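Please look over the sequence and the model before reading on.

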Amino acid sequence: MNTLDPMQDGKSFVTLISSMGDDLTVVNAARVSMDKRSTQLCDRDISLIRYLAEHDHWTPFSHVMLTFHIKMPLFVARQWFKHTVGFTRNEVSRRYVDTPPDIWIPHVLRRRAYTIKQGSGAEMDDAQELLHTFSSNADQSLEDYEYLLEMGVCPEQARSVLPQGMYTEFYETASLSGYARLCKLRIEGHAQEEARLYASAIDSMLVSVVPESWSVLRGRS
Ligand SMILES: Cc1cc2nc3c(=O)[nH]c(=O)nc-3n(C[C@H](O)[C@H](O)[C@H](O)COP(=O)(O)OP(=O)(O)OC[C@H]3O[C@@H](n4cnc5c(N)ncnc54)[C@H](O)[C@@H]3O)c2cc1C
């Protein structure tokens, strides 16, 4: 499972490009302080991983590094990029790339929730007409974008007519500790549903990379 499509629209993706290290890396980063080393993960090592996570010894987890290629709507990326410490990113530049971008169109709409400051309420019934507003807005934006380019406007200015729902893509490298923090903050109920889908995709991929570490880190850091 190296690629997931969090938005389930055939456009979005989270692809695990590479990972460096595993559960044993975490264990040995911690055991070096006692001048010890494990060659095969045993029950004592698993207990150690649990102890490290429970006592916020985050540095041994930061020796596992992950690189993802992610394609997400701009408005989700804007939230995602708030996670800064330990994250490195390189993003497609719309100063150079002037092909029409993919644009996210929701499958369902959620009601505004008047009882909470952030978030949304129940799914709307019969939202077909409202969903059409999203696609017609996307079509119009793309048309305007193409028109401006055709008229000789530079891509770096023409892009400003594109909507927040347009997809952007980037490479992102961070440590396991970084992803533990990001997933904790972006999977919990206050995070926006669309950001939660991406964090959940990363969450489910990390289970197979570092099963023991991730089982204790998820929801903790
Ligand atoms: C549900 C939700 C709603 C949000 N709403 C908003 C919003 O309305 N507006 C907005 O701007 N942001 C908002 N954010 C973003 C939020 O404020 C954080 O910027 C974001 O969650 C990243 O947190 P982080 O701990 O991963 O930060 P990172 O920047 O990755 O930092 C990691 C950790 O390093 C430490 N650290 C980092 N910088 C410093 C520093 N300068 N001094 C001391 N310690 C530091 C902190 O312990 C921090 O937790 C929201 C986040 C969530 C999850």
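Two strands pair if DSSP finds at least two bridges between them. Strands (E, at least two residues) and helices (H or I, at least four residues) are DSSP runs, numbered from the N terminus. In strand 5, Glu172 is the bridge partner of Arg89.

This is a predicted model, where local features need pLDDT of at least 70 and side-chain atom pairs count only at pLDDT 80 or more, while totals for chains, interfaces and linings use all residues. Residues are numbered from 1 along each chain as its sequence is written, and side-chain values use heavy atoms, with hydrogens and water left out.

**Overall build**

- The protein holds eight helices and five strands.
- Their order along the sequence is β-β-α-α-β-α-β-α-α-β-α-α-α.
- The C-alpha trace spans about 65 × 45 × 30 Å along its principal axes.
- The protein has 221 residues, and 39% of them count as buried (under 20% relative accessible area; exposed is over 50%, partly exposed in between; 1.4 Å probe, protein chains only).
- Contact means heavy atoms within 4.5 Å. Among contacts between residues at least 6 apart in sequence, 71% join residues at least 24 apart.

**Ligand site**

- Lys82 places a polar side-chain atom 2.8 Å from a ligand oxygen.
- A side-chain N or O atom of His83 is 2.8 Å from an oxygen atom of the ligand.
- For Arg181, the distance from a side-chain N or O atom to a ligand oxygen is 3.1 Å.
- The ligand taken alone exposes 940 Å², of which the protein buries 42%.

**Strand pairing**

- Strand 3 (residues 65-73) and strand 5 (residues 167-175) run antiparallel, joined by nine bridges.
- Within this pairing, Met72 has Thr168 of strand 5 as its bridge partner.
- Strand 4 (residues 88-91) also runs antiparallel to strand 5, with four bridges.

**Helix 1**

- Helix 1 covers residues 23-31, and its buried residues are Asp23, Val26, Val27, Asn28, Ala30 and Arg31.
- Their cover includes helix 2 (43-54) and helix 8 (211-217).
- At the start of helix 1, a side-chain oxygen of Asp22 comes within 3.1 Å of the backbone nitrogen of Leu24.

**Positive phi in loops**

- Gln8 lies in the loop between strand 1 (3-4) and strand 2 (13-20). Its phi is near 55 degrees, a positive value in a residue other than glycine.
- Is Gln8 buried or exposed? Gln8 counts as exposed because its relative accessibility is 61%.
- Asp126 sits in the loop between strand 4 and helix 4 (128-150). Phi of Asp126 is near 45 degrees, again positive in a residue other than glycine.
- Asp126 has 79% relative accessibility, so it counts as exposed.

Technical notes:
A polar contact is a pair of N or O atoms within 3.5 Å; within protein, one must be able to donate a hydrogen and the other to accept it, and residues adjacent in sequence count only if both atoms are side-chain atoms. Accessible areas come from the Shrake-Rupley method with a 1.4 Å probe; for residues, only the protein chains shown count as cover.
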